[in-house]
Amino acid sequence: VPKVDIFETEKAYELHLAVPGATKEDFKIDLNDNQLTVSGERKFSKEKKENNLYVVETQYGNFSRAFSLPENVDASKITAAYTNGILEISIPKDEKKTLKSSIKVN
């Protein structure tokens, strides 16, 4: 399971998943009923024969993370980029939908 940092700005939510050693083709990102699922596989590459491998602490294999999104996102504008081992997913807020409201007491 990759580690994730979640940020909220005025205009978007940002997810940063740490997946070193993967390629952008290793990821699958799905959105279903306001649930964003990031899955993929980090493949183990065999070490060179002249090197002795003593410890492997990094994780390999299949992974999946799911995130429940709030109602105020614009799902049609979600973008993703993979740079330097970090998968960055930007989820813009829909300014027409608001999660805050004030109720006047009579």
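Student: Where is Asp33 found?
Tutor: This is a predicted model, in which local features need pLDDT of at least 70, side-chain atom pairs count only at pLDDT 80 or more, and totals for chains, interfaces and linings use all residues. Residues are numbered from 1 along each chain as its sequence is written, and side-chain values use heavy atoms, with hydrogens and water left out. Strands are DSSP runs of E with at least two residues, numbered from the N terminus, and Asp33 is found in the loop between strand S3 (27–32) and strand S4 (35–42).

Student: Is Asp33 buried or exposed?
Tutor: Buried means under 20% relative accessible area, exposed over 50%, and partly exposed in between, with a 1.4 Å probe and protein chains only. Because its relative accessibility is 74%, Asp33 counts as exposed.

Student: Which residue in the turn between S6 and S7 has a positive phi?
Tutor: Two strands pair if DSSP finds at least two bridges between them, and S6 and S7 pair in the antiparallel sense over 5 bridges. They form a hairpin with 2 residues between them, and the residue in this turn with a positive phi, of about 50°, is Asn84.

Student: Which residue in S7 stands opposite Thr83?
Tutor: Strand S6 covers 79–83 and strand S7 covers 86–92, with Asn84 in the loop between them. Across this antiparallel pair, the residue that stands opposite Thr83 is Ile86.

Methods. Helix = DSSP H or I, 4+ residues; strand = E, 2+ residues; numbered from the N terminus.
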